[in-house]
Amino acid sequence: MISVHRMLKSTQLLRSSLLFSLRPSSSSAWLKPTSKDVQLSRDNADVESLFINPDIQSLLKQLTGMDLESKVFAERKIGRQERSHYALMTDKMYQNVRMRNDAVHFLQFVPLKEPRGEGSFEVLSVDSEIAKFDESRFVFTDITFDATDQDRTVVVRESDGTLRTATPEEHDRMNRIYYEQPHRPVVPPSVFSDPALGNALNLNRHEFVMDWACWFYQPDDPEFVKLSREVFDRTMKAGKFDVLYSTRHFGSLVFYVVLNGDLPPLLNFYARRGKLPEAANLIRLQKLIHPNWRTAISSEDDDLKIVKDFVAQNKRLKEELHDLIKLSEGRYEKSVPSEYSYTTDMGRDLFKKSHISMDAETIQTESGPLGEMASSYKVRIARDESGEKNASRKGGRRRGRRTQDKPSDGDVDGVK
């Protein structure tokens, strides 16, 4: 019993030492070496605390947007077939559907974490008497039920007799081997690196790459941080903000852009769509993340004043802020589509064509959702717009049965 207790105690200590060894370094990996106008120190920046700040989270949610039809609830390819569900609703009932609550759930941000220590391990013992016993290394993995993927004990016996903890890369690989998950192979997919990554981004598959990366990696995995930065940098360089807009990854993208002080491309993105409040919120976010920023913002300033003050105090960026200047002068009143937003526009157009306004009058005509079937079948209103049963309906329920008028007195055998 004593030996078992010692073994359990040593396993708990080993898990604690493993988690301690994976703590990130003081320097933030989300700050680029060539960041513009960054007031944060690389050695003192607490990026994780900034990201979860309630005020910053509120602004990021407003900047993410909520495109229900063509983004959040757009058609997606899945691995299994599901039965489609169609519902006939009036405009009032359609507006009351709680789709926005579900959209908020789907748009939850991916945690932004500092990368854990890469290649770090702890030497447990050196047993020279078993050195050269074998040319291969032996890996021992704790497969007890109470162990999780994060604190699971994995140790490695080297060929020279050294017993050490597994590196983070070896630790994750053992988890993928012993606890296999669908679409999570042992070796990282080729789409996470070039040339497959470049081909996927050229096809505007940014969301697909980031969703798969969230499933494959842990948020603090150095490879996940590296891949996220690569996708974000290429998105900014190509100006393809539309591809990630209104997705769960857009908040991290905005935070990464503001953290490194590269505002003009994103400000122009909102300006081209006539989104003055979002442009002003982006400037407010810059002030929250960089309190020592030279641009002054008052709590009483409205959106237009904040944008105009930003343009006036950053005249050196006049050539880069051409769209924002037009917005501040009132020359952008309507949304201007981007050259990369063809998938979004197509989805919105298809929705407009398929969405037919319906009420108690149009449902009984050919202009309603039934089309020509309305002239072949009698349509009765079972419930009104408030959801109450229609008192004028009589008789039992009929499903798909064609009705026939009752013959009048002048008809013979029911033939008019």
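The legends below describe close-up views of a predicted model.

**View 1. The largest cavity and its lining.** A search of the whole structure finds 1 cavity of 30 Å³ or more. The volume of the largest cavity is about 60 Å³. Its lining consists of Trp 30, Val 110, Pro 111, Leu 112, Met 210, Phe 224, Ser 228, Phe 232, His 249 and Ser 252. Helix α10 (residues 222–238) supplies the largest share of this lining, 3 residues. Sorted by class, the lining has 7 nonpolar and 3 polar residues, and no charged ones.

**View 2. The aromatic pair of Phe 192 and Tyr 217.** The structure holds 15 aromatic pairs. In the tilted pair of Phe 192 and Tyr 217, the rings are 5.5 Å apart centre to centre, with 35° between the planes. Phe 192 lies in the loop between α7 (168–178) and α8 (196–202), and Tyr 217 in the loop between α9 (206–216) and α10; the pair thus links distant parts of the chain, 25 residues apart. Phe 192 counts as buried because its relative accessibility is 11%. Tyr 217 also counts as buried, at 9% relative accessibility.

**View 3. The aromatic pair of Tyr 245 and Phe 269.** This pair is edge-to-face, with 5.7 Å centre to centre and 65° between the planes. Tyr 245 is in the loop between α11 (241–244) and α12 (250–259), while Phe 269 is in helix α13 (residues 264–272), 24 residues apart. Both Tyr 245 and Phe 269 are buried.

**View 4. An aromatic cluster and two arginines over rings.** One aromatic cluster is formed by Phe 192, Phe 208, Trp 212, Phe 216 and Tyr 217. Arg 205 lies over the face of Phe 208, 4.7 Å from the ring centre. The charged end of Arg 184 sits over the ring of Trp 215, at 4.3 Å from its centre.

Terms used. Residues numbered from 1 in each chain as written. Predicted model: local features only at pLDDT ≥ 70, side-chain atom pairs only at ≥ 80, totals over all residues. Heavy atoms only, no water. 1 Å grid on protein atoms, 1.4 Å probe; cavity = no way out; pocket = protein on both sides within 12 Å on 5 of 7 lines; lining within 4 Å. Points joined across faces, edges and corners; volume = space filled by probe spheres on them. Helix = DSSP H or I, 4+ residues; strand = E, 2+ residues; numbered from the N terminus. Nonpolar A, V, L, I, M, F, W, Y, C, P; charged D, E, K, R; others polar. Phe/Tyr/Trp six-rings, centres within 6.5 Å; stacked < 30°, edge-to-face > 60°. Buried < 20%, exposed > 50% of the residue type's maximum accessible area, 1.4 Å probe, protein only. Lys NZ or Arg CZ within 6 Å of the ring centre and 35° of its normal.
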